Amino acid sequence: MSDYMFMLESRLSADQNRVLEQVQAAACAAGVNLFLTGGGVRDVLGGFQVRDLDFSVEGNALKVARALEEAGARTLAVDENRRAAELVFAGGVTAQLSMSRKERYAKTGARPQVTPATIQDDLRGRDFTIDAMALSLNRASRGLLLDPTNGLADLGRREMRSTHAYVFYDDPARLLRLNRLRVRLSFTVEERTRMQYDNARAAHIETLIPARTRLEELKHIAAEPSPVEVLQALDADELLTVFSPALAGSGLNLPGLLRLEKAYKLVKSANLALEPQFGAFLLALTANMTPKERNSLFKYIEMPKTEIDEIRNPEPRARKLEQALKSARVKKPSHVYRLLVSAPSDEVVFLLGNSVQRQVQERIRNYLQKYLPAIKEVPSTLWQGIEGKPGSPKYNRSLQAFLASRLDVRPRKPVEPEAESIRPVEALSRGRVR
């Protein structure tokens with residue numbers, strides 16, 4: 001095994017390593033060359049958390065994606081033009097499979113003309129050098145690093161450099177991507193690339209970003225570790241108007257977005273499964289807008305009605321949970337635990353970010369930081385003592401008693417040792433002490 005493969009497998013989680021094996025097996029069965037590319041390679045070599053896995057296939061990537069879907073993966077999106085598919089696997093791991101390709105743009109922001117290409121040509125046509133590296137996953141060259149634009153050196157310098165002079169003119173959305181990655185990675189922008197960026201801004205090519213691409217970029221921002229920092233960077237560069245003029249300056253709801261960001265981190269720290277919450281992000285982002293401005297934004301980014309309905313869906317459900325949490329009948333930690341253990345994570349996040357009820361906030365925090373860890377520490381053998389069939393009244397009564405015994409019993413105060421008795425000092429004659 002090469003050093004790069006050892007580094008890759010040690011950086012990935014157990015679920016990500018399983019996905020890596022599944023994709024390699026599917027590509028081998030299809031007889032196509034497979035490479036790990038883009039952000040996955042950058043994050044492995046740079047020591048960052050690997051968020052997603054991006055694979056490039058010299059051949060029919062959609063055929064490999066269909067085979068993976070038959071094996072249990074779920075397809076989230078398909079781009080027929082680029083012959084690419086985004087899938088989600090067990091454990092919530094997301095991966096993208098794309099045909100290695102060349103893209104030609106007839107004009108700025110236009111739909112690209114796509115043709116199959118070798119992996120080397122594919123890498124040379126990408127946006128930034130740190131994203132233009134690939135790791136071979138093929139039997140004869142497994143672990144070979146492909147780096148035609150010297151991205152590894154730029155990664156070591158913590159610098160973002162464009163792969164060619166027309167990066168921003170080909171795809172104006174890269175103006176947003178540059179800021180997003182720069183903030184997340186804490187990288188600087190190479191001087192020539194900064195000049196290209198400034199020239200593109202002077203030509204106002206950000207106005208040519210397609211509507212659906214604006215929506216996708218908003219989703220990428222929502223999934224960032226710190227969306228607030230990305231939005232502040234875009235606001236400083238006067239790029240938030242790409243989404244809506246109402247977002248510029250004081251229109252940006254920074255306090256609400258910060259509360260939401262803290263809520264995400266708190267829920268994640270409890271090791272709860274949490275999918276990207278675009279709906280909650282968009283609600284917080286548009287909180288200072290009028291209904292007219294909000295509807296204008298939805299129209300401007302061509303957001304489907306089904307997605308608009310979805311982002312409004314968590315609030316009524318979360319408000320019901322809020323009412324239950326502040327009920328007078330909820331008195332003990334075990335009551336709070338029973339309410340929250342079955343609550344969807346999006347409702348918990350919504351209340352942490354939006355509820356003004358102090359009691360509700362405290363109970364959720366206690367659940368995440370005290371009650372949940374306490375129950376997770378209970379040995380599995382003790383759970384076997386719960387009587388009855390799961391779901392039956394007898395089981396529910398036994399479970400409630402079990403939880404109460406673990407959560408509701410206050411720890412006894414340590415008994416302080418009795419002070420040693422002091423013998424009275426015998427007075428001597430004339431009141432003197434010996």
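Predicted model: local features only at pLDDT ≥ 70, side-chain atom pairs only at ≥ 80, totals over all residues.
View 1. Leaving aside residues up to four places away in sequence, A287 touches N253 and R294. A287 belongs to the loop that runs between helix 13 and helix 14 (291-300). M133 is 154 residues from A287 along the chain, and the C-alpha atoms of A287 and M133 are 40 Å apart.

**View 2. The second largest pocket and its lining.** The volume of this pocket is about 240 Å³. Its lining consists of 16 residues, and those nearest the pocket centre are L283, A284, A287, E315 and N354. Two or more lining residues come from each of helix 12 (254-269), helix 13 (278-285), helix 16 (314-325) and helix 18 (345-354). Sorted by class, the lining has 6 nonpolar, 5 polar and 5 charged residues.

**View 3. Helix 16 and its buried residues.** Helix 16 contains 12 residues. From its first C-alpha to its last, helix 16 reaches 16 Å, close to the 16 Å expected at 1.5 Å a residue. Which residues of helix 16 are buried? They are P314, A318, L321, E322 and L325. These residues are on the same side of helix 16 because they cover an arc of only 105° around the axis. An α-helix has 3.6 residues a turn, so residues three or four places apart point the same way.

**View 4. What covers helix 16.** The cover over the buried residues of helix 16 includes helix 15 (305-312), helix 17 (333-341), helix 18 and helix 19 (358-376).

Technical notes
Residues numbered from 1 in each chain as written. Heavy atoms only, no water. 1 Å grid on protein atoms, 1.4 Å probe; cavity = no way out; pocket = protein on both sides within 12 Å on 5 of 7 lines; lining within 4 Å. Points joined across faces, edges and corners; volume = space filled by probe spheres on them. Helix = DSSP H or I, 4+ residues; strand = E, 2+ residues; numbered from the N terminus. Nonpolar A, V, L, I, M, F, W, Y, C, P; charged D, E, K, R; others polar. Expected span 1.5 Å × (residues − 1). Buried < 20%, exposed > 50% of the residue type's maximum accessible area, 1.4 Å probe, protein only. Arc of directions from axis to C-beta. Contact = heavy atoms within 4.5 Å.
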